[in-house]
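Hi,

Here is the structure I said I would pass on.

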Amino acid sequence: MEDNSSQTIFVLSGMKDLRPKCLYVFLSLSVYLLIILLNMMLIVTIFVEKSLHEPMHFFVCNLCFNGLYGTTGFYPKFTYDLLSPSPVISYVGCFTQSFVIYISFMCEYTTLVIMAYDRYVAICRPLEYHNIIGAQTVAKAILYSWTFPFMLVLPNIILTGQLPLCGSSIDRLYCDNWSIVKQSCLPTTTINTYGFVLLFIFMAHALIVMFSYQRLIIACRNSNNNKRKFMRTCGPHLVSLLNFTVAVLFDVIFSRYGTKDFPEHLRNAFQVEILVIPPILNPLMYGLKLSEVRKKLFQKFKKHKNSFL
């Protein structure tokens, strides 16, 4: 096959059967605006209210900000493609979108792991909490949640960028690294190996979470106060973690080993689930379940409502 590594256009063939387009444009814009509204509302509330300046709330802010970052890499381009006669993306644009979405996925998981450790310290070692989870620790943890994914994803993107390409069809609604790798004219053993290294690191983070929750369950067994604290603060975290883990694992497994006989509308649904559910679910759960945040949100809502009356 001809070496097409110098070509500049990829075709997003996963969008070819999205009909009627006007409905999907409406849904895309509605979901994206809802994500912006919910996440910004929670971020602004936590930053404005000094009483909410606690480590857990800053980690929630980071989770919401990451939701905005990741969805910005998808929804504007997706909506534009729905309005255009042919859904295509440039070579650089495809790599950029893949980079942004991958960073977002890994930052989400890293933040959830940090939050699991935070809950472990808060419930199992409450007297030492503010010594262990101080302001500097929070800043370092948030910095880690972004730099660690960046350092992992960048080599993967660089390795993929060296491949000569013999295809131009991305069978998805957005670009991802593996879809680009599948266009390669050469064997991709190195990238496959690096992909399994990333998966191993992903699973290592999962083990940290499992250890934290094992210690939490033991600590809560004989304490009603700890049980209430666990359900109030760990419940939303556990739901977010399980939803995100299942969605990522399904996406990774299906993109590598899935069959084309699988219905395309279901493939598309599973692809975007991770860019729809977590960014909406996270601010709703943490905003309504954490009592301090919920009270401040309701106070602000009542204040604005009275000002309009």
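**Salt bridges**

R172 and D176 form a salt bridge, with their closest N and O atoms 3.5 Å apart. Both partners are tucked away from the surface: R172 is buried at a relative accessible area of 4%, and D176 is buried too, at 3%. Bear in mind that this is a predicted model.

The count comes to 4 salt bridges. Another of them joins D81 to K77, where the closest N and O atoms are 2.4 Å apart. Why do D81 and K77 sit about one helical turn apart? Because they are 4 residues apart in helix α3, which covers residues 75-83. D81 is buried, with a relative accessible area of 1%.

Then there is the pair D118 and R119, whose side chains meet in a salt bridge at 2.7 Å, N to O. D118 has a relative accessible area of 0%, so it counts as buried. R119 is buried as well, at 7%.

In soluble globular proteins, nonpolar side chains tend to be buried together. Here the largest nonpolar core has 79 residues, and the members that touch the most others are F10, F74, M115, L173 and Y286. Which helix gives the most to this core? That is α4 (residues 91-124), with 18 residues.

**The largest pocket**

The largest pocket has a volume of about 570 Å³. It is lined by 24 residues, and those closest to its centre are Y102, G195, L198, V248 and V252.

The protein averages a pLDDT of 83, and 87% of the residues score at least 70. Residues 1-5 have a pLDDT below 50, although this stretch has 14 contacts in the model beyond near neighbours in sequence.

Cheers

Key: Residues numbered from 1 in each chain as written. Predicted model: local features only at pLDDT ≥ 70, side-chain atom pairs only at ≥ 80, totals over all residues. Heavy atoms only, no water. pLDDT = per-residue confidence, 0-100. Contact = heavy atoms within 4.5 Å. Helix = DSSP H or I, 4+ residues; strand = E, 2+ residues; numbered from the N terminus. Buried < 20%, exposed > 50% of the residue type's maximum accessible area, 1.4 Å probe, protein only. Core = buried A, V, L, I, M, F, W, Y, C linked by side-chain atoms within 4.5 Å. 1 Å grid on protein atoms, 1.4 Å probe; cavity = no way out; pocket = protein on both sides within 12 Å on 5 of 7 lines; lining within 4 Å. Points joined across faces, edges and corners; volume = space filled by probe spheres on them.
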